[in-house]
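Hello,

Here is the structure we spoke about. My notes follow below it.

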Amino acid sequence: MAGTAQFVIQAFEARYHSTPDVARAPGRVNLIGEHTDYNLGLVLPVAIDLDCYVASAPNRLGVLRIHSQNLDQSREWPVGQISGLRAIGDWSDYVIGIARQLPLGRGRDVLIHSSVPLGSGLSSSAALEVATALALGWPGDLPSIELAKLAQRAETDFMGVPSGIMDQFAAIFGQRDAALLIDCRSLESQTIALPDAVAIVAVNTMVKHELGQSAYRQRVAECASAALDIGVESLRDAEAHQLELIRDPIAQRRARHILSENQRVLEFVEASRKGDLREMGRLLVESHRSLEHDYEVTCAELDFLADRAMQIEGTLGARMTGGGFGGCTVNLVEPAAVERFKETLGSAYLEKFGIEPVFYHVRPSDGAQRIS
Ligand code: GLA
């Protein structure tokens, strides 16, 4: 059993005096296909080797008790009140968003330990949702689209965030050494082998601008209105020549990003199959430009990291990843150049913003599993 799982079991036993079931689910980094998931488009995430462990066992106290090891915070509620709770805007929302969908019997204890950095665009929330559902005894087999949908509902139904399904899907279906090409309309996925000669490095801006959540909702609404003008159910069904049917110029730019981004995902997959690293890198840069100018979800810190990274020898491509307005960039770097990349970019960012960025040289990893 992995060292982390043992550590989590010991911490659980010390706190609650019973032996738990443990599940883990990974974070993800999205290589390309940004903001396309809620437009039923294409995305290409990899599950990463940073993950969330959740331990849980029944109690007979009639309460749900939860504890975050990372934050050293605890919460508890009578089981009978769970279905009537409202989101309060902190980490416990993700747990309640799941717990309210599963039978809790006469009570439950939960302990969480995560190495996915919180709020950094690497999907710490989906990792927590999926691991919580498994630890609380979600009954199906893995991997499962039903589990991805249940986890997504924690955000859409309980927290009222209209997010797509990419993060939960990646946390469940992730594959070691490969990326996942997900079609968010059919919910079918394919594993895409990545060339060996490339390292994936996420760089954390260490900022999260407040605008993020409201802008996300706004983008979802802008895309819906663009689809309405064109007369299609979602922008997945729109074609480039129809963009001129969109009346609002801002919505038109948003839609242009979605259409061009879906196309870039396909081109990236093709380039990856051919081992064409230069082309893969070029597509990342183009994606960033489109997110910066058409979709407008980047920020000064993300733009700086993406632009400056491209000046470092050995960087193949760089762009923001995740929702935007802070969080991380994802970079494809020649393996031999990773150390230089970190040093050069780290000191440039520190000099510019007075903040030390954090680097994660991630490896594509397996999706969620039950450990005991
Ligand atoms: C967030 C959401 C995802 C997706 C990305 C942008 O991570 O949770 O569903 O929309 O933003 O690609």
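How far is an oxygen atom of the ligand from an N or O atom in the side chain of Arg28? The distance is 3.1 Å, a polar contact in the sense used here (a pair of N or O atoms within 3.5 Å).

This is a predicted model, in which local features need pLDDT of at least 70 and side-chain atom pairs count only at pLDDT 80 or more, while totals for chains, interfaces and linings use all residues. Residues are numbered from 1 along each chain as its sequence is written, and side-chain values use heavy atoms, with hydrogens and water left out.

The residues around the ligand (a heavy atom within 4 Å) include Glu34, Asp37, Tyr38, Ser163, Met166, Tyr216 and Gly322.

The protein is divided into domain 1 (2-193) and domain 2 (199-362), with bounds from an automatic or database domain assignment. Both domains give residues to the shell around the ligand, so the ligand lies between them. The domain centres, taken over C-alpha atoms, are 25 Å apart. In contact (heavy atoms within 4.5 Å) are 38 residues of domain 1 and 41 residues of domain 2.

Regards

Notes. A polar contact is a pair of N or O atoms within 3.5 Å; within protein, one must be able to donate a hydrogen and the other to accept it, and residues adjacent in sequence count only if both atoms are side-chain atoms.
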